[in-house]
Number of protein chains: 2
Amino acid sequence: MDYNYNQEDKALVAVDCIIFGFDEDDLKLLLIKRGFEPEMGKWSLMGGFLKKNETLDEAANRVLQTLTGLDEVYMEQLYGFSKIDRDPVERTISVAYYALININDHNPKLLDQHSAQWFSIGDIPPLIFDHHEMLNKALRRLRRRTSTNPVGFELLPKKFTMRQLQKLYEVILDEELDKRNFQKKIKQLDVLVKLKEKDMTSSRKGSFLYEFDKEKYEKKVSDGFTFKM
Amino acid sequence: MDYNYNQEDKALVAVDCIIFGFDEDDLKLLLIKRGFEPEMGKWSLMGGFLKKNETLDEAANRVLQTLTGLDEVYMEQLYGFSKIDRDPVERTISVAYYALININDHNPKLLDQHSAQWFSIGDIPPLIFDHHEMLNKALRRLRRRTSTNPVGFELLPKKFTMRQLQKLYEVILDEELDKRNFQKKIKQLDVLVKLKEKDMTSSRKGSFLYEFDKEKYEKKVSDGFTFKM
DNA sequence: TCAAAAGTGTTCCCGCTACACCCATGT
DNA sequence: ACATGGGTGTAGCGGGAACACTTTTGA
């Protein structure tokens with residue numbers, strides 16, 4: 001008594017990537033100008049269809065790499081979107097992923113090829129389909145994650161200043177933070193390494209650079225530690 | 001220059017439901033004995049294929065209703081599972097949902113029809129495919145949700161005792177809680193109504209019954225309140 | 001010497017935790 | 001009268017929030 005799978009409807013399955021970057025003091029989103037109908041010329045998240053021989057994670061990584069040239073990027077599956085007419089051409093289920101990249105790392109040529117552009121999170125143009133809904137979910141998730149996991153560092157260069165890190169938290173959480181309390185909090189988590197180097201571009205005095213110590217963090221986690229900002 | 005959607009691979013899309021219930025002092029999971037190949041006779045989450053004209057949410061609700069007879073149940077989309085061979089018969093993407101039901105409400109006849117049975121969460125039999133992974137994700141999500149949203153009440157009868165509520169939190173969070181601190185905490189949230197009635201089945205003295213005041217909760221939320229246990 | 005950002009400590013308060021005894025009732 | 005579960009208060013501690021001045025150095 002086998003069940004006949006053939007009687008079931010199949011659907012197109014896509015992935016869409018909400019790609020976040022952080023530049024100076026703004027959280028940014030990478031969008032492409034759609035090069036085909038429907039909605040040609042409008043702004044859109046970067047997406048692609050799931051292929052027979054790849055998982056959703058693989059598809060999302062492929063899509064991200066196609067646009068940025070980057071591999072080994074922090075990505076997380078967000079949610080499955082399935083409104084019947086979300087894509088007017090054909091029934092398509094889309095699984096959204098969000099990615100956190102260091103905005104200086106990507107390949108600018110690839111961006112041009114896809115007519116892609118960074119937008120400040122406070123200044124997003126109209127997007128096609130349900131992409132705004134995806135973005136909102138991604139933002140909420142990002143807020144939660146940065147509060148409970150050390151994922152913020154994915155958006156920064158390897159070496160960063162306290163100021164940059166604080167600003168990052170401020171734009172993600174959308175609230176101002178007290179400098180002293182912020183430093184106290186992050187330092188007592190004891191997962192940063194203070195370098196001897198200073199960044200001299202931001203002030204005459206210069207500010208010390210820090211690195212996230214991933215090994216230390218993971219060791220602490222396995223001892224029951226939980227990151228909490 | 002239309003893009004040709006037809007060149008893309010289609011896939012079967014399914015939903016699987018992690019159905020939680022709470023009985024006396026155990027968190028329980030509703031499983032069915034699979035009536036068809038592959039893996040006929042093994043235990044499985046209740047699932048079904050997505051149809052052309054329904055969303056994932058609708059499919060999950062249909063599947064839940066088929067098994068329990070219940071409608072308007074708390075459900076939440078969990079995660080999309082997509083390993084290539086997760087279903088050995090054919091490539092199937094499955095989107096998992098979890099549901100919280102009052103275990104006394106369901107229709108026992110329907111359970112029989114599907115050879116379904118409740119299992120204590122500490123005593124789950126081997127499951128087919130990646131259903132254990134789904135369950136683990138659901139449990140982690142449920143823990144977080146009950147800590148930050150008043151979803152626990154979905155698992156209880158409309159009227160419940162403090163004892164029941166505390167026990168519920170204990171089995172979900174998998175830790176013992178102090179009776180006094182628990183009452184203090186939940187009472188200061190100020191979203192319960194203490195009834196005049198007592199439940200006389202649990203002790204000679206009897207214990208007061210409470211109801212969750214959803215309207216009050218929602219009013220408070222719109223004033224900036226956040227539930228936190 | 002001044003402008004501009006970096007760096008640094010203390011106090012107060014609230015919320016969480018730990019903890020033990022009396023109450024009501026049916027048998 | 002006793003056994004069973006129901007119900008209640010307080011003290012101490014720790015972590016988060018508020019808050020302002022000094023330092024460095026290039027121009």
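This is a predicted model: local features need pLDDT of at least 70, side-chain atom pairs count only at pLDDT 80 or more; totals for chains, interfaces and linings use all residues.

Tutor: E197(B) is partly exposed, with a relative accessible area of 38%. Its side chain takes part in a salt bridge with K159(B), where the closest N and O atoms are 2.7 Å apart. The two ends come from separate places: E197(B) sits in strand β9 (residues 192-199) of chain B, while K159(B) sits in the loop between α3 and β8 of chain B, so the pair ties together parts that are 38 residues apart in sequence. K159(B) is partly exposed too, at 35% relative accessibility.

Now move to K158(B). K158(B) has a salt bridge of its own, to E211(B), at 3.9 Å from N to O. E211(B) belongs to strand β10 (residues 207-212) of chain B and K158(B) to the loop between α3 (131-148) and β8 (160-161), so this pair ties together parts 53 residues apart in sequence. E211(B) is buried, with a relative accessible area of 18%. That value counts as buried because the cut-off is under 20%. K158(B) is exposed, at 65%.

The side chains of D16(B) and R86(B) meet in a salt bridge, 3.9 Å from N to O. D16(B) is in strand β1 (residues 10-23) of chain B, and R86(B) is in the loop between β5 (74-81) and β6 (92-100), 70 residues apart. Both D16(B) and R86(B) are buried. In chain A, D16(A), R86(A) and D130(A) are linked in a network of salt bridges. Over all chains, the search finds 28 salt bridges.

Next, the charged surface of chain A. R163(A), K167(A), K179(A), K187(A), K194(A), K198(A) and K205(A) gather in a patch of positive charge on the surface. Three elements of chain A each supply at least two residues of that patch: α4 (162-173), α5 (179-189) and β9 (192-199). K205(A) lies in the loop between β9 and β10 (207-212) of chain A. K205(A) is exposed, with a relative accessible area of 69%.

Some backbone details are worth checking by eye. The peptide bond from E37(A) to P38(A) is cis, with omega near 0°. P38(A) lies in the loop between β2 (26-33) and β3 (43-44) of chain A. In chain B, a cis peptide bond joins E37(B) and P38(B), with omega about 0°. P38(B) is found in the loop between β2 (26-33) and β3 (43-44) of chain B.

Two residues of chain A have positive phi without being glycine. E24(A) has a phi of about 60°. E24(A) is in the loop between β1 (10-23) and β2 of chain A, and is exposed at 65% relative accessible area. S115(A) has a phi of about 50°. S115(A) is in the loop between α2 (108-113) and β7 (116-120) of chain A, and is partly exposed at 38%.

Chain A has six helices and ten strands. Its C-alpha trace spans about 65 × 45 × 30 Å along the principal axes. Of its 229 residues, 52% count as buried.

Note on methods
Residues are numbered from 1 along each chain as its sequence is written. Chains are lettered from A and ligands numbered from 1 in the order in which they are written. Side-chain values use heavy atoms; hydrogens and water are left out. Patches are made of residues with over 30% relative accessible area and no salt bridge: like charges are joined within 9 Å, nonpolar side chains (Val, Leu, Ile, Met, Phe, Trp, Tyr) within 5 Å. Accessible areas come from the Shrake-Rupley method with a 1.4 Å probe; for residues, only the protein chains shown count as cover. A salt bridge is a side-chain nitrogen of Lys or Arg within 4 Å of a carboxyl oxygen of Asp or Glu. Lys and Arg count as positive and Asp and Glu as negative; His and the chain ends are not counted. The place of a charge is taken as NZ of Lys, CZ of Arg, CG of Asp or CD of Glu. Helices (H or I, at least four residues) and strands (E, at least two) are DSSP runs, numbered from the N terminus. Buried means under 20% relative accessible area, exposed over 50%, partly exposed in between (1.4 Å probe, protein chains only).
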